[in-house]
Amino acid sequence: MSFVTGLLLIDAPASALNNLGNIPGARTDNTVGVKVIRTREGTYPYVSAQAFRYWLRDTLEHTDLGWQAAPIYREKKVAYTDANPLRWWDDDLFGYMRAPSKKADAVEARAADESRAGETPTTETVTRVSPFRVSTLVSIAPVNIVDDFGTMSRHEGDPVPHEHQFYRTTLKGLFSLDLHAVGTFSYRQKTGFLNLDEERVNEAKKVAGIEHLAAEKSYRLPLAERVRRVSALFEGLARLEGGAKQTLHYTDVAPAFVIMAVTKGGNHIFGHCIGASGRGLPELKIDALKEALTVFADDILSKVYIGWVEGYLDEEREKFETALATGGSLADFADRIKISHPRQAFQDLAADMTRPENAIWLA
């Protein structure tokens, strides 16, 4: 099986992208803290994978990418999507679990809810493991958290004090996309593998051009449709928006740097290629990248796509381009590495998936 294996950096010059709510015992009652990992080395701000996935799904739904977002239904304390990956692209790429209550009052409530008119009938639990995976986004180095004090004073009377935390750092995250799983839906009677129940199997049989993989007990959408969904996902990553405290800090969360390739396995080969310098700034580890490209040469099926915004880490980029030049430590790999803007890098990878010789990537 093939995977898109990638690493991205988000530049957060003064940010509070994922918060934990009020801090008990703070000097003001409404002090908002940021999520951090505390270690002996210091404090590392982070953005949870759940928050990142929310940003991405929201970006995909509100851009002109043709993204087909699944409707969400609510039953008391339970919420779920329509859980139909044949129709909905986020059910396909982000996975789902749907186990509607069989209690009489729940059944009656669903039947009376007019907003469910187009709902896919579900009589048994269906689940799908997300083909798209993302790590927690963690600061590359420990930082000092800033406590910002402010007041609400546009009213008569005493000002109302408030505080919030923020930080200056670079966040590093890993992502992976299982290309075999994209647009491929199992009906195996096994937990995590029953993507399609009988209702959804019957719907699959009516999809034009769908392929029945009898040995896998799966149905697979046509290649063009699968690539279209992947392309939209990549474009969403390139245009990523979101994060807390944007009114006050306005952080561009679109990746400033990304490195990715199509690989044979799901293990991450680029995870140690970016570290922190003695000043706590991002550093491209040339020797680590060379080792990865050498050791995993047979596992890398595509070019290595590097998206790098001009003006970001200029000294590191100059060092990297020198290593790629004739006589440099990465010169032997220069023909397999393509550098462009992050958005162009995602688009180039998606375009290469449409080439007939690369159809094996999605097999």
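A salt bridge here is a side-chain nitrogen of Lys or Arg within 4 Å of a carboxyl oxygen of Asp or Glu. By that test, E203 pairs with R87, with the closest N and O atoms 2.9 Å apart. Keep in mind that this is a predicted model: local features need pLDDT of at least 70, side-chain atom pairs count only at pLDDT 80 or more, and totals for chains, interfaces and linings use all residues. Residues are numbered from 1 along each chain as its sequence is written, and side-chain values use heavy atoms, leaving out hydrogens and water.

**Salt bridges across the chain**
- The whole structure has 18 salt bridges.
- The E203–R87 pair links distant parts of the chain, 116 residues apart: E203 sits in helix α4 (residues 198-204), R87 in the loop between β7 (78-81) and α2 (89-94). Helices (H or I, at least four residues) and strands (E, at least two) are DSSP runs, numbered from the N terminus.
- E119 and R98 also form a salt bridge, their closest N and O atoms being 2.1 Å apart.
- R98 is buried at 1% relative accessibility, and E119 is buried at 17% (buried means under 20% relative accessible area, exposed over 50%, partly exposed in between, with a 1.4 Å probe and protein chains only).
- R87, at 31%, counts as partly exposed.

**A pair within one helix**
- K319 bridges to E316, with the closest N and O atoms 3.0 Å apart.
- K319 and E316 are three residues apart in helix α8 (residues 314-324), so about one helical turn separates them.

**Helix α5**
- In α5, 12 of the 16 residues are buried, so the rest of the structure largely encloses this helix.
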